[in-house]
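Good morning, colleagues. Please turn to the display.

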Amino acid sequence: MKSILAVLALAALIIPAQAEEGKEAPKKGGNPAKMLKKKDTDGNGTLSLEEFVKGAPDADKATKAFKRKDKDSDGQLTLDELKAKPAKGAGKGKKKDGE
């Protein structure tokens, strides 16, 4: 009887842990082309702020990331803008001179 209880207790610990492994974590630096294809709901080949932020776990962070990536400030992210690496030190909380 004790061995059955031990097996059940062990199963109760293992099954939820395996379920957590199956969940997809948010990806940083994933495939920009795949992200564009998936999120471009209007099919225009670019991402609007709304498309970019939709489904993000933190809308504020996603909005800030969108604004950093939108180099030409046209309100749309192209594949080239999505592929661009952030400038060294960007987003590290460093203040500009005079702030």
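Let me begin with a term. A residue is called exposed when its relative accessible area is over 50%, buried when the value is under 20%, and partly exposed in between. Lys71 has a relative accessible area of 60%, and therefore Lys71 is exposed. Please keep in mind throughout that this is a predicted model.

I turn to the overall arrangement. The protein chain contains five helices and two strands. Along the sequence, these elements follow the pattern α-α-β-α-α-β-α. Of the 99 residues in the protein chain, 16% are buried.

Where does Lys71 sit? Lys71 is found in the loop between helix 4, residues 59–69, and strand 2, residues 76–77. Lys71 also belongs to a surface patch of positive charge, in which it gathers with Lys61, Lys64 and Arg68.

The loop between helix 4 and strand 2 also holds Ser73. Ser73 counts as exposed because its relative accessibility is 63%. Its backbone deserves a remark. Most residues other than glycine have a negative phi. Ser73, although not a glycine, has a positive phi of about 50°.

Next, I consider Thr46. This residue lies in the loop between helix 2, residues 32–39, and strand 1, residues 47–48. Is Thr46 buried or exposed? Its relative accessible area is 14%, so Thr46 is buried. The side chain of Thr46 is joined to the side chain of Gln76 by a polar contact of 2.6 Å.

Let us move to helix 3, which spans residues 49–53 and includes Glu50. With a relative accessibility of 65%, Glu50 therefore counts as exposed. What distance separates the C-alpha atoms of Glu50 and Thr63? The separation is 9.0 Å, for two residues that are 13 residues apart along the chain.

Finally, I come to Gly30, in the loop between helix 1, residues 2–22, and helix 2. Gly30 has a relative accessibility of 40%, so it counts as partly exposed. Gly30 and Lys83 are 53 residues apart along the chain, while their C-alpha atoms are separated by 9.6 Å.

To review the residues in terms of accessibility: Thr46 is buried, Gly30 is partly exposed, and Lys71 is exposed, as are Ser73 and Glu50. Thank you for your attention.

Conventions
Residues are numbered from 1 along each chain as its sequence is written. This is a predicted model: local features need pLDDT of at least 70, side-chain atom pairs count only at pLDDT 80 or more; totals for chains, interfaces and linings use all residues. Side-chain values use heavy atoms; hydrogens and water are left out. Patches are made of residues with over 30% relative accessible area and no salt bridge: like charges are joined within 9 Å, nonpolar side chains (Val, Leu, Ile, Met, Phe, Trp, Tyr) within 5 Å. Accessible areas come from the Shrake-Rupley method with a 1.4 Å probe; for residues, only the protein chains shown count as cover. A salt bridge is a side-chain nitrogen of Lys or Arg within 4 Å of a carboxyl oxygen of Asp or Glu. Lys and Arg count as positive and Asp and Glu as negative; His and the chain ends are not counted. The place of a charge is taken as NZ of Lys, CZ of Arg, CG of Asp or CD of Glu. Helices (H or I, at least four residues) and strands (E, at least two) are DSSP runs, numbered from the N terminus. Buried means under 20% relative accessible area, exposed over 50%, partly exposed in between (1.4 Å probe, protein chains only). A polar contact is a pair of N or O atoms within 3.5 Å; within protein, one must be able to donate a hydrogen and the other to accept it, and residues adjacent in sequence count only if both atoms are side-chain atoms.
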